[in-house]
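Hi,

Here is the structure for you to look at. Please open it first, then read my notes below.

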Amino acid sequence: MKIGIIGTGAIGQAFAKQAAKAGYEVIISNSRGAESLKETAKAIGGKTTAGTVEDAGKADVIFLAVPWKHLEAAISGVKSWKGKIVIDPTNPIITPGFHLADLKGLTSTEVVAGLVPGASVVKGFNTLQPGTLASDPRQGGGHRVIFYAGNDDEAKATVSGIIDRMGFAGIDLGRLDEGGKLSQFPGGPLPTLNLIKL
Ligand SMILES: NC(=O)c1ccc[n+]([C@@H]2O[C@H](COP(=O)([O-])OP(=O)(O)OC[C@H]3O[C@@H](n4cnc5c(N)ncnc54)[C@H](OP(=O)(O)O)[C@@H]3O)[C@@H](O)[C@H]2O)c1
């Protein structure tokens, strides 16, 4: 399975490291092109290559890790979202100033889902700091918890498999309108909790 990363900053790199360690083929991207990420790909290691947003968008699973204000620009770099599984670790914060985006009564991942027609979107990997996400998920005889939520059970099963293979313990929070709310930052009770499942 190929995993494309759109937005290779703090969270994108943390996820990429875990995906590469788990043996996935990873394609990292940003707005500046493959050349700007060659060294980063080397540092991440495993089967990681640098590509364009379009290249990352051709993967089976796409990790969309850009700041909220850049979502639409990033998404426009992918020709078709049909049949893709998108993991959404974004938080609906507009910087500078730390303003909450206007979600029009939806959860943030429902808004993201509206931007990628034909894709199945699973919220996840948004509740931990990048350093924690990048560190060994096997701790104290247990596994660090990753929360996820989504409306498509098949897509959630795929994401759950990725979480397991990385060595985390996945906890399914349900649909986006319920579980998505619990893990949403700011507002939900789960962000910043660093839990180990024994
Ligand atoms: N940092 C945290 O503690 C944390 C925790 C949980 C969730 N999150 C969420 O994760 C997302 C990413 O946060 P981050 O901290 O990783 O941000 P970051 O370090 O600023 O990285 C953002 C990445 O997105 C890329 N990018 C920006 N515009 C793009 C575009 N149009 N097309 C493709 N790539 C683009 C940037 O590269 P270029 O500018 O070079 O293109 C950069 O690689 C945010 O939504 C944030 O709310 C962050």
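**Helix α1**

Helix α1 is followed by Gly23, whose phi is positive, near 95°. Helices here are DSSP runs of H or I with at least four residues, strands are runs of E with at least two, and both are numbered from the N terminus.

Two points on the source. This is a predicted model, in which local features need pLDDT of at least 70, side-chain atom pairs count only at pLDDT 80 or more, and totals for chains, interfaces and linings use all residues. Residues are numbered from 1 along each chain as its sequence is written.

Back to α1. It has 12 residues and reaches 17 Å from first C-alpha to last. That is close to the 16 Å expected at 1.5 Å a residue (the expected span is 1.5 Å times one less than the number of residues). The helix is mostly covered, with 10 of its 12 residues buried. Buried means 20 or more other C-beta atoms within 10 Å of the residue's own; exposed means 12 or fewer; partly exposed lies in between, with C-beta atoms placed from the backbone. The buried residues of α1 include Phe15, Ala16 and Lys17.

Why does Ala16 count as buried? Because Ala16 has 27 C-beta neighbours inside 10 Å. Beyond its neighbours within four places in sequence, Ala16 is in contact with Ile5, Thr8, Val26, Ile28, Ile44 and Thr48. (Contact means C-beta atoms, placed from the backbone, within 7 Å.) Ser80 is 64 residues from Ala16 in sequence and 22 Å away in space, C-alpha to C-alpha.

**The core**

The largest nonpolar core has 55 residues. Such a core is a set of buried Ala, Val, Leu, Ile, Met, Phe, Trp, Tyr and Cys residues joined through C-beta atoms within 7 Å. Ile5, Ile6, Phe15, Val26, Ile28 and Leu64 touch the most other members. Helix α1 (residues 10–21) gives the most to this core, with six residues. Leaving aside its neighbours within four places in sequence, Phe15 is in contact with Ile5, Phe63, Ala65, Phe125 and Leu133.

**Around the ligand**

26 residues surround the ligand. The closest are Gly7, Gly9, Asn30, Ser31 and Thr90. By class, the shell has 13 nonpolar, 12 polar and one charged residues. (Ala, Val, Leu, Ile, Met, Phe, Trp, Tyr, Cys and Pro count as nonpolar; Asp, Glu, Lys and Arg as charged; the others, Gly among them, as polar.)

**Strand β5 and its surroundings**

Strand β5 covers residues 85–88. Ile85 and Ile87 point one way, Val86 and Asp88 the other, and all are buried. Three bridges join β4 (residues 61–64) to β5, and the two run parallel. Strands pair if DSSP finds at least two bridges between them. Phe63 has Ile87 as its bridge partner in β5. Four bridges join β5 to β8 (residues 120–124), also parallel. Ile85 stands opposite Ser120 in β8.

Lys84 sits in the loop between α4 and β5. Lys84 is buried because 20 other C-beta atoms lie within 10 Å. Leaving aside neighbours within four places in sequence, Lys84 is in contact with Ile62 and Ala119.

Helix α5 (residues 108–115) is mostly covered, with six of its eight residues buried. Those buried residues pack against α4, β5, β8 and α8 (179–182).

Best wishes

Technical notes. Two residues are in contact if their C-beta atoms, placed from the backbone, lie within 7 Å. A residue is near a molecule or strand if its C-beta atom, placed from the backbone, lies within 6 Å of it.
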